[in-house]
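Me: I would like to go through this protein with you. Could we begin with one residue and then move on to the overall fold?

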Amino acid sequence: CDADLIVMLPAAYNLVIAQRATFRQRFKIPLDFTDREVCAQIWKTQAISATKTVRTEKVLDFTVDWVDRALVEDEVTKGVFDIVATHTATASLSPADQLEWDLLIVDGETLHDGDRTFWLDGTVTLDPGLTECLEGD
């Protein structure tokens, strides 16, 4: 049952993204997602103090690919999804920018009247990679 879940949110989770390559990261969150959605984005940020940043520009919306949305009776599989960015989207990110990301879960109207909860957030580090491909660049 979701009510038994106790967690401090959001949890810190930093990403390393290889530029010019498809990015895919799998998550398993212990919730039934039959009436929930997931949104994840990368933003440019700017430090306004030693401990605080503000977002300045959205640079990427991840696609969410669902593996399993529903709660299974044995509770072994639930809330399994990938966040995905295409190779062209990762190529457009700049290592000169300070980048942060987060993952937001939006409850459906039948669950808590559409509550929105940030589950994960962190920094984004870019790995420029070396190999180039002639086809599809």
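Predicted model: local features only at pLDDT ≥ 70, side-chain atom pairs only at ≥ 80, totals over all residues.

Me: How far apart are A47 and Q98, in sequence and in space?
Reply: They are 51 residues apart in sequence, and their C-alpha atoms are 8.8 Å apart in space.

Me: Which strand holds A47?
Reply: A47 belongs to strand β4, which covers residues 36-47.

Me: Why does A47 count as partly exposed?
Reply: A47 counts as partly exposed because its relative accessibility is 46%, and that class lies between the 20% and 50% limits.

Me: Now the fold. How many helices and strands are there?
Reply: The protein has one helix and nine strands. In sequence order the pattern is β-β-β-β-β-β-β-α-β-β.

Me: What share of the contacts comes from residues 24 or more positions apart?
Reply: Such pairs account for 66% of the contacts with a separation of 6 or more.

Me: Which residues have the most contacts inside the largest nonpolar core?
Reply: That core has 25 residues, and those with the most contacts inside it are I42, F62, F81, I83, W101 and L103. The elements giving two or more residues to this core are β2 (15-18), β3 (23-28), β4, β7 (80-85), β8 (99-107) and β9 (116-127).

Me: And how much of the protein is buried?
Reply: Buried residues make up 30% of the 137 residues. The protein exposes about 8700 Å², of which carbon and sulfur atoms supply 52%.

Key
Residues numbered from 1 in each chain as written. Heavy atoms only, no water. Helix = DSSP H or I, 4+ residues; strand = E, 2+ residues; numbered from the N terminus. Buried < 20%, exposed > 50% of the residue type's maximum accessible area, 1.4 Å probe, protein only. Contact = heavy atoms within 4.5 Å. Areas by Shrake-Rupley, 256 points an atom, 1.4 Å probe, with all protein chains shown as cover. Core = buried A, V, L, I, M, F, W, Y, C linked by side-chain atoms within 4.5 Å.
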